[in-house]
Protein chains: 2
Amino acid sequence: MVEQGLEVFENIEPIDGGVTAAKGFQASSVAAGIKYKGREDMALVYSEYPCTLGATFTQNVFAAAPVLYDREILKNGNPIHAVVLNTGIANAGTGLRGKETNLFMAAEMARELGVKPDEVLTCSTGVIGFQLSEEPIYEGVKKLKERLNDSRENAFKAAMAIMTTDTVQKEAACSFTVDGKTVTVGGMTKGSGMIHPDMATMLSVTTTDAQIDQYVLQELVKESVDDSFNMISVDRDTSTNDTYIVMANGRSGVKIERDTKAYELFREALRYVCITLAKKMAADGEGATRMLEVIVTGAKTHEDARKLARSVTASNLVKAMVYGADANSGRILDALGYAGVDFDPDVVDVTFLHEDDMMLIVQDGVVMKIDEDKATEWMKQPVVTFLCELKQGREGATAWGCDLTHDYVNINGDYRS
Amino acid sequence: MVEQGLEVFENIEPIDGGVTAAKGFQASSVAAGIKYKGREDMALVYSEYPCTLGATFTQNVFAAAPVLYDREILKNGNPIHAVVLNTGIANAGTGLRGKETNLFMAAEMARELGVKPDEVLTCSTGVIGFQLSEEPIYEGVKKLKERLNDSRENAFKAAMAIMTTDTVQKEAACSFTVDGKTVTVGGMTKGSGMIHPDMATMLSVTTTDAQIDQYVLQELVKESVDDSFNMISVDRDTSTNDTYIVMANGRSGVKIERDTKAYELFREALRYVCITLAKKMAADGEGATRMLEVIVTGAKTHEDARKLARSVTASNLVKAMVYGADANSGRILDALGYAGVDFDPDVVDVTFLHEDDMMLIVQDGVVMKIDEDKATEWMKQPVVTFLCELKQGREGATAWGCDLTHDYVNINGDYRS
């Protein structure tokens with residue numbers, strides 16, 4: 001059993017692995033020299049068997065060329081075979097030039113793989129303001145094809161290749177069994193706040209050997225993303241390139257249909273992978289020294305709970321207080337108070353959770369006298385967790401963030417380099 | 001003529017002064033010893049003649065006792081005579097104790113002034129988590145009464161007394177003439193981000209000798225606040241004590257009624273005072289080294305323009321970039337893109353304004369190659385101004401903010417002291 005915030009995972013088995021954990025998926029990476037030398041900067045995730053696609057994208061008005069392209073494929077609903085990703089220089093353009101370069105990357109990769117261009121999705125991240133040129137991509141896609149295999153190592157290296165200011169590669173995988181058959185879900189992600197120096201932030205690919213129709217998958221993807229990637233905040237700045245893609249190739253032989261046991265298990269597995277990846281992103285936020293976890297219970301609606309939890313993790317004052325290891329509960333109340341949710345302030349409790357111990361720091365809306373030394377000690381741990389009980393209803397949500405540090409200012413106040 | 005963002009003030013005369021600039025207003029301040037010794041920490045603004053009240057307050061669910069009390073008086077609509085303010089320890093409580101202390105402060109001040117308790121408004125700011133005690137207030141209100149006068153010096157000292165982490169006292173005043181009579185509007189404000197270490201942020205009092213009905217005044221106050229105090233952002237954290245109060249005692253003999261020249265002039269004067277005070281707050285944001293001004297034009301609605309301008313000034317990435325003096329226009333586009341406003345990204349222009357010079361940095365949604373050295377030089381000025389042209393309609397707005405600096409993290413990451 002794994003617990004993450006309010007979420008309890010008791011029917012899935014966490015396993016080691018990433019995008020090649022599920023049957024029939026291969027990965028590769030290459031140092032194409034897009035911006036820096038000697039650093040892998042392109043990655044490929046591929047399935048010989050056609051995949052159902054589920055995906056969510058940035059809501060930013062300035063959606064980048066790869067997002068516009070992928071959205072179109074999702075809308076068309078055709079099966080896909082691959083996702084090709086690049087780092088170094090982001091294709092963040094919304095103009096003609098960005099669209100052309102993106103089509104070039106998709107088409108060249110498709111040609112190498114022997115599939116159609118609209119069976120290859122694209123993702124792009126890195127510095128903006130530089131032109132992503134076609135030559136390194138042309139060479140890169142060839143090597144990506146040559147190096148494809150289903151090894152653990154290739155998945156790991158693909159997760160490394162998509163990093164930008166990330167300090168660690170981020171993967172998660174799990175499996176479950178139904179009718180004697182094993183279904184696996186595995187993924188990788190990158191993102192560490194808005195990436196130095198700019199815009200492109202979260203790219204994430206999940207693969208699964210479940211067999212699932214697009215409309216069922218898409219519904220589950222949206223729900224999982226809302227409670228995972230959409231619940232983390234490093235700096236409130238959403239990017240133009242944010243992309244989350246799920247590929248399902250059906251090789252497990254298990255069909256996921258609504259109102260079945262398999263559906264519930266798959267839902268849990270997808271949520272586990274999404275939440276685990278999202279938490280890794282929050283913990284690796286730009287300049288972060290510790291992770292902040294905020295659990296809200298007793299809200300009238302799930303949306304209320306999500307807003308309240310996110311308002312606290314996104315508050316600069318709360319984030320700075322976590323950095324300073326000062327359990328100043330007034331700032332938490334303040335951030336709850338301006339979340340745009342209507343509730344009775346005079347019944348709110350806030351509890352500081354630490355391993356199996358806890359400390360009531362706000363009772364019925366009033367800041368309590370607490371053991372400051374103990375609280376400071378708890379605040380210095382890698383994960384700082386606050387439980388906010390609204391007592392207005394039965395809905396809850398968990399949000400994750402990180403502290404606001406001098407390094408965040410260093411990273412983002414620096415000149416482009 | 002004075003220009004501030006999109007606002008042009010051509011019919012009013014900026015003058016030196018604050019809350020005693022208008023006829024019939026007196027002020028005083030005192031070192032009551034609420035928390036620190038030898039620092040003035042209470043202030044009083046008083047008019048012997050009864051005043052019409054206009055006011056706006058924090059939208060935070062956890063509104064503090066003084067806000068709850070003042071709101072009630074505004075609702076009742078009775079004339080008022082005074083505002084008493086304290087710093088040092090904030091009465092940020094929502095519970096019984098906070099309400100009692102607040103009533104004590106209002107009632108004692110009223111007794112000294114020989115008016116009714118509900119003719120005295122209260123404001124409170126400072127450290128939270130400590131109990132505001134009644135003894136210093138009891139002594140303080142006596143001295144406030146004794147020291148009352150209408151001198152320039154007393155207004156200045158009152159503006160000093162309400163400072164917390166502010167580094168400069170903030171006042172503004174102006175006058176206009178109508179039918180040979182002079183009307184004066186003057187005010188003071190405090191606020192520098194959420195105040196060290198906590199919550200209480202903006203308190204502001206404006207006085208005027210205009211004669212005006214409450215419903216007319218209240219309408220103008222709301223409009224002015226929306227385009228001034230509500231357009232500044234230091235850290236997106238709104239407080240539990242935010243209060244803006246206007247007192248109008250009618251001593252100029254000029255009646256302000258809708259659809260008259262006097263109304264237009266008064267509106268301009270009130271906007272001038274509000275915007276000038278708001279800009280002073282933005283420039284004095286916690287840890288700030290320079291002010292950021294963002295002008296949006298060509299939006300479909302005024303609300304759209306306000307959202308877009310605020311989204312840019314509130315972005316941590318834009319704020320860190322201003323600190324780093326890096327004119328990275330991708331971050332501006334990004335913040336426009338997630339403002340929650342629908343617009344065509346492919347026609348947006350962004351221009352960097354500097355004195356009488358300008359530099360187009362985004363044309364039709366595409367980041368331009370610019371003279372980086374010149375841009376860096378411009379970025380190092382005390383005020384950095386970007387004009388964002390949406391080309392979707394005829395509405396505009398201006399927002400003000402400041403850079404995100406190491407000092408902000410120092411101030412807010414520190415232990416309570």
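Here are a few questions and answers about this predicted model.

Me: At what angle do the axes of helix α1 and helix α2 of chain A cross?
Reply: Helix α1 of chain A covers residues 65–76, and helix α2 of chain A covers residues 96–113. Their axes come within 8 Å, and they cross at roughly 60°.

Me: How many residues of the contact of α1(A) with α2(A) are nonpolar?
Reply: On the α1(A) side you'll find A:Ala65, A:Pro66, A:Leu68 and A:Tyr69. From α2(A) come A:Gly98, A:Lys99, A:Asn102, A:Leu103 and A:Ala106. Sorted by type, one is charged, two are polar, and the nonpolar ones number six.

Me: Is A:Glu355 buried or exposed?
Reply: A:Glu355 sits in the loop between β16 (349–354) and β17 (357–363) of chain A. Its phi is positive, near 50°, and it isn't a glycine. Relative accessibility is 72%, and the cut-off is over 50%, so A:Glu355 counts as exposed.

Me: What about B:Asp364: is it buried, partly exposed or exposed?
Reply: Look in the loop between β17 (357–363) and β18 (366–367) of chain B for B:Asp364. B:Asp364 isn't a glycine, yet it has a positive phi of about 50°. Its relative accessible area is 37%, while buried means under 20% and exposed over 50%, so B:Asp364 is partly exposed.

Notes: Residues are numbered from 1 along each chain as its sequence is written. Chains are lettered from A and ligands numbered from 1 in the order in which they are written. This is a predicted model: local features need pLDDT of at least 70, side-chain atom pairs count only at pLDDT 80 or more; totals for chains, interfaces and linings use all residues. Side-chain values use heavy atoms; hydrogens and water are left out. Axes are lines fitted to C-alpha atoms, for helices over the stretch in contact, and angles run from 0 to 180 degrees between N-to-C directions. Helices (H or I, at least four residues) and strands (E, at least two) are DSSP runs, numbered from the N terminus. Contact means heavy atoms within 4.5 Å. Ala, Val, Leu, Ile, Met, Phe, Trp, Tyr, Cys and Pro count as nonpolar, Asp, Glu, Lys and Arg as charged, and the others, Gly among them, as polar. Buried means under 20% relative accessible area, exposed over 50%, partly exposed in between (1.4 Å probe, protein chains only).
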